[in-house]
Amino acid sequence: MTSPKLTRRGVLRTAAASAAAAGFVDSLLDPASAWAQSGRPLRLRSNRTIISTDPGYMIGGFEMVLQYACLARLAKYTNSSDAWEWEPSEFVVSLDQPDPQTIAFELKQGIMWYDGTTHEAIGELDAEDVKYSLERMKVSEWKDKAVALDHVEVTGSHSGVIHLNQPFAPIWLTWLCDGTGAIVSKTAVEAAGGKYDGIFNFYCGYYRVTEWVQKQSYTLEPNPNWPGTPPGVSDVRFIIVDDEKTAEIAFEADEIDITHLAIESIPRLLASPPEGGVVREFAGTRWFWMGMNTDHPNLRDIRVRRAIQHAVDVETIIQGAFAGVGTRARGIVPPGLVGHRTETKFEKPDLDAARALVAEAGAEGLTITLKTMNQADRMAAATIIQANLAEVGLNVEVIPMDAGPFWNLGLESEGDDWKDLELWIMSYLDSPDPSQMTQWYISDQVGVWNWERWSDPEFDELFAAGLGETDMRKRHDIYVRMQEIMEDTGAYVWLVFPPNGIMYREGLEPVITPNGYIWQVQHFQWNDGSA
């Protein structure tokens, strides 16, 4: 397994960015210096339909692939699967952090925004776009990514300074390189009313969207006006396949070229990959848990929630639903990150304690619903939980759902489904820092991504403290304590930190992050003589 190694390059990036700028100019003067584009289509499996690609209002996932491909950004993850590092993007001349609370940037001139329908120019990428994009994050659904931002000062048409209200060491990897760090067109987004759904109708980067068939596919082609290094593949097609097992079958049928794998398939496919396939395993930054809505009448009594925590057999779930693959979760911070928790108050099932709590709460025979995406591993986990809770006198109705409706369940902005939400199996993926895992459970996230709907002043205070703490021992203790608070609400049963498996065609050279994701499709290449 490839374990991500958290490293930081120097904070002064001006020299590196200037070198990148020189390359940018060279490509303008000598287009033949760029690598040859392959005419062979690249078919990627996407795991769900796209609801919104707005950096402030997306779910998070394959939206980032589109943002990296079509929009602007200041910084990007390096093309390395071995270490978490960042570098200036191809959109900047310089990017410099002279002190922990100040980041200066200068954009390259001449990069234009285009309308996604007419393909007419709608303005130049400039510092006002950066200011607008970063500052709007402060009031978005992802506002905790920007909690350390004070303001962005525009110092010239293409230059500015990002001012932070406190030191925030993970800003590069967790925000500026992340999907939430995408720079949008101020003109286009304001014209759309300040936010937008679906796929953005503007672009300035390597690619533009040519087709979008909701719930089926979306396609990219190179932006003919992109002045930098061209992307390595000229025809990129995303095919939506919700279920990983179905995607594996589609790969073997030569219908897709790259896909993530079902967790339980990783050992088998590593040992025996399909003909013409390459299989790799990565340590992920993803976590699974079962959540409980503390606002629901059936679960308001903490004794019922405690009984559920005592009754669920996590080890059996890992073996039965995830084929014994992955690390048991005892919190939300994955192994290898500061704040990883190694013990829980519910190491083994205690059915006697669970039955006593159910009886004390007068909940014998209570029927509760458990909602989950209709995927093999989650359905298997739900079935085991259903059997576990039956043993202590609780009846569970398992309700499988498609990915799109599932992700709206706890969002008050999407209607009243949250009022009926009781139990659910959830998985989040985030950037490699514990602040990113914990951000979803602060008080401001109730009704957004804190579906468990509890709040705790100590948790909120610790979250704020952890953002600025530079002593790693103190930082570790902060995040361990935050996970203790979460567990003490009775609203969580931690399940597993799964590895990430990827399978792709021989001859494809993908760019994969240390946690096994493929955000930068513009740097993919076919290396099989198909150019």
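How many nonpolar, polar and charged residues does the lining of the second largest pocket have, by class? The first legend answers this, after a word on the model. This is a predicted model, in which local features need pLDDT of at least 70 and side-chain atom pairs count only at pLDDT 80 or more, while totals for chains, interfaces and linings use all residues. Residues are numbered from 1 along each chain as its sequence is written, and side-chain values use heavy atoms, with hydrogens and water left out.

**View 1. The second largest pocket and its lining.** By class, the lining has four nonpolar, four polar and four charged residues. (Ala, Val, Leu, Ile, Met, Phe, Trp, Tyr, Cys and Pro count as nonpolar, Asp, Glu, Lys and Arg as charged, and the others, Gly among them, as polar.) The volume of this pocket is about 250 Å³. A pocket is an open set of points on a 1 Å grid over the protein atoms alone, with protein on both sides within 12 Å along at least five of seven lines; a cavity is a set where a 1.4 Å probe fits but cannot get out, and lining residues have an atom within 4 Å of a point. Points are joined across faces, edges and corners, and a volume is the space filled by probe spheres set on them. Look for Thr49, Ile51, Asp242 and Glu414 among the lining residues. Helix H12 (residues 403-407) provides the largest share of the lining, three residues. (Helices, H or I with at least four residues, and strands, E with at least two, are DSSP runs numbered from the N terminus.)

**View 2. The largest cavity.** Four cavities of 30 Å³ or more are counted, and the largest has a volume of about 670 Å³. It is lined by 35 residues, of which Gly60, Gly61, Tyr428, Leu429 and Tyr517 are the closest to its centre. H12 and strand E22 (423-429) are the elements that give two or more residues to this lining, and E22 gives the most, with three. The lining divides into 17 nonpolar, nine polar and nine charged residues.

**View 3. The second largest cavity.** Here the volume is about 100 Å³. Gln309, Arg328, Phe346 and Glu487 are among the residues that line this cavity. Strand E23 (residues 492-497) gives the most to the lining, with three residues. Seven nonpolar, two polar and two charged residues make up the lining.

View 4. E2 pairs with E15 (residues 236-240) in the parallel sense over five bridges; pairing needs at least two DSSP bridges. Leu44 stands opposite Phe238 in E15.

**View 5. Aromatic pairs.** The whole structure holds 30 aromatic pairs. One of them joins Phe62 and Phe238 edge-to-face, at 6.4 Å centre to centre and 80 degrees between the planes. (Rings of Phe, Tyr and Trp, the last by its six-membered ring, pair if their centres lie within 6.5 Å; planes under 30 degrees apart count as stacked, over 60 as edge-to-face and the rest as tilted.) Phe62 lies in the loop between E2 and helix H2 (63-70), 176 residues apart from Phe238, and both are buried.

Methods: Buried < 20%, exposed > 50% of the residue type's maximum accessible area, 1.4 Å probe, protein only.
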